Every structure is written in C-alpha cells, then in structure tokens.
Amino acid sequence: MNADRDGDRNPAEGRVESPSISSEAIMITTPEMEPHPSAAEAANPVVEADLVAGVGEPRAEEGQKRRRINLGMDRFSGLYVWAALIILFSFWVPDTFPTSDNAKIVAGDQAITAMLALGIIIPLAAGVFDLSFAGVLGVSVAIVAYLQSNGHSAWIAAIAAIAAGAFIGAANGFIVVRLRVNSFIATLGMSSLLAAAEYWITDGKQITEGFSSSFLDLGSKPFLGIPLPFYVMIVLAIIIYIIIEYLPVGRYLYASGGNPQAARLAGVRVNRVVFGSLVASSLVAGFAGVVLAARLGTASPDIGPSYLLPAFSAVFLGSTQIKPGRVNVIGTLVAIYLLATGVKGLQLAGAPVYVNDLFNGAALIIAVALAARSARRV
C-alpha cells in the first residue's frame, strides 16, 4: 500500500525513484487533441529546439547511426520525380513539350497558384487552416473589375482589393481566436460567404470592360519571354522565405503550430500569431487577385474555387521536400512546378480535360499521407 502511494522503491538501494521527465514530455497532447496529427499538424511538427535547449540531441545521435546513403531521397525526391517527368514527356511528346515556349508558358501560368500556396504556408505553419483564400482571390478580382468598370483608377481598385483581403483575414482571425471556432469550419463558412459576395459584386455576370491598358500590361507584358506575374511571385517567395526562416516571427509560427501549449510556456503569444497568420494569408490572396485581374482582364463570379485544390496539393506535397515534416517555401515551389509539369505533359499527350483535377486530387491525398508519415518520424 505504501508503495502505491510513494512510488516505486528500489529494494537494492532502499530509496524511492522519482519519475524522470524526458524531452518527450513536451510532446504530450491535451485530452482535447487527437492522438494522431491532423493535416495541418502533420505538415508542421513542433520545432522544439527553439523552445527547450538540448531537446533532440539523442535523436540526432540515433539519426547518425541509422544514416544510410540514399542520394537525398528523403529531402529531394520531388526533384528526382520532376526530372523524370521532364524526361518522360520529352520522349512522349517531343514536338511540343521540350521547348522553351512550353517552359515559359508553364512558368507564367503557375504564378498565381504559387502566390496562393505561399500565402497559406503561413497559417499552416501556425497550425490552422485557411480554406477561404480562394474566395478572397475571387472577391479581389471582382472588386478590381467592378471599380475600374465604374471609372475608378487602377491604383484605387488595387488598394481596395488588397484592403478587403486584409479585412477578411482579420474576420477569420477574430472568429478563430476570439470565438474559438475551429479554423477549418470558420474559413470554410467564410469561403461560402465570399462566394455569395462575388456574385453580388459582379451581379452574376462576367465583367470584361473598364480595365486600363497600363494595368493589363502588368499582368501580360513579358520580360525575357515570361509574364511579369512570375517575377512578382519570385519576389513574394523571397520575402516569405526570409520571414519564416530567418526572423523570430517564423520561429513563433512553427512553435505555435507544432505545440501551442509548449509555445505559451516559452512566452509565445499564440493567439496573436494565429490571428496574424490568417490576416497574412488573406492579404497575399487579395494581392494575388489583383495580379490575376491584370493577367486575365476579366472577372467572373466563379473564378476562385479552381485554385483551392492545386494550392493545397502543392503545400502539402512541398512539406515532404527540402525540410520534410514542415511546410516550407522552396519545397512548395518545387511541388508547384512538379504538378504543373505532370499536368501539362498529360494535356499535350492528349489526356482529357479532367486530368488536371484528377492529378491534383491524387497528389493531395498522397502528399497528406507522406506529410503525416514524416511527422510521425520527426
């Protein structure tokens, strides 16, 4: 009976052994949390090295013992697959695929999807979903088209669209942080509201008039044969990469997403981080909407949803590359163009029009499974 109350007694030494607290204690989840990682958590395990000194050293030693020559397959498998696809389609459709024109088309066409994917890296790093970014994109395009068609300048239209994106992100943040609604449900509901807003702004019709020529040049004018949106995307990628990889806010994002309880104990204001991540995601989506409006020169009430699946597929597939187990910028860009290469090659080979959704849907399922597997191994 005393042993039950006082702990396990070592008969040889005659003393009570107190239970030791290992580094794994940091990873214990609360009763409310699921025992298995969610999709967002799978793509972003906790960065404990930023929270507790010395955590991870034993695992590093184990990793050195188990290290084998794998040619970087654990980090760069996407690059190998991408190269294999290029070789495959170069032999399959040699007249159209391995050309500079095709490469420029793929680079330019994926700029908007890449911007959106880069934007949702931020909330996913913080451990929350943002399913409303496609709706923000559509509303942004609609605002730009509506204001210009009613005589307002392109600058005013662009600023209004970006401000609307920031406002929507703040609304998402308020619902998730203050009202404590699950981010998946909150942003899914918001996306439905934004779909209604698109129809209201455009009156359910396509807007094709009123765009200024200088504004359209920003979306279609090429530089070195590639449209300007590609270079805008590269600049955005560099900015986000610096923020999440080299600035303290990036460590706060990953810590909050991986283990919010440990992050709070370390002094991170998790609620502010989550709120800011949702605002940033919508802000990027609003900016991407301005660029898309300049590229298309038109607005329609259903322009946003088609970008939802490709962006998520790229982010989760990217979380298995370069830095496996967490969302990252370079891995996302690799995934974007890997998927685009596969889809474009199949289209040039004569595949039916539904191959885009089929390819991206399969990639999303595989990517989430691989991300969850990587998270369990971290």
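**Reading the features**

Author: Let us begin with L224, which lies in the loop between strand 3 (222–223) and strand 4 (226–227). Please note that the model is predicted.

Reader: What is the phi of L224, and is the residue buried or exposed?

Author: The general idea is that most residues other than glycine have a negative phi. L224 is not a glycine, yet its phi is positive, at about 60 degrees. The residue counts as exposed because its relative accessibility is 65%, where exposed requires over 50%.

Reader: Which loop holds D203, and what is its phi?

Author: D203 belongs to the loop between helix 9 (183–202) and helix 10 (213–220). Its phi is positive, near 60 degrees, and D203 is a residue other than glycine. With a relative accessible area of 54%, D203 is exposed.

Reader: Which residue follows helix 14, and what is its phi?

Author: G297 follows helix 14, and its phi is positive, near 70 degrees.

Reader: Which residues make the contact between helix 6 and helix 11?

Author: Helix 6 contributes A111, A114, M115, L118, G119 and I121, while helix 11 contributes P229, F230, V232, M233, L236, A237, I240 and I244. Of the residues in this contact, 13 are nonpolar, one is polar and none is charged.

Reader: Is Q148 buried or exposed, and which residues does it touch?

Author: Q148, in helix 7 (residues 133–149), counts as buried at 5% relative accessibility. Leaving out residues up to four places away in sequence, Q148 touches S153, A154, A157, G210, F211, S212 and F215.

Reader: Where is L346 found, and how far is it from W92 in sequence and in space?

Author: L346 is found in helix 16 (residues 329–348). L346 and W92 are 254 residues apart in sequence, but their C-alpha atoms are 9.6 Å apart in space. Beyond its neighbours within four places in sequence, L346 is in contact with F89, W92, A351, V355 and F359. L346 is buried, its relative accessible area being 19%, and the cut-off for buried is under 20%.

Conventions: Residues are numbered from 1 along each chain as its sequence is written. This is a predicted model: local features need pLDDT of at least 70, side-chain atom pairs count only at pLDDT 80 or more; totals for chains, interfaces and linings use all residues. Side-chain values use heavy atoms; hydrogens and water are left out. Contact means heavy atoms within 4.5 Å. Helices (H or I, at least four residues) and strands (E, at least two) are DSSP runs, numbered from the N terminus. Ala, Val, Leu, Ile, Met, Phe, Trp, Tyr, Cys and Pro count as nonpolar, Asp, Glu, Lys and Arg as charged, and the others, Gly among them, as polar. Buried means under 20% relative accessible area, exposed over 50%, partly exposed in between (1.4 Å probe, protein chains only).
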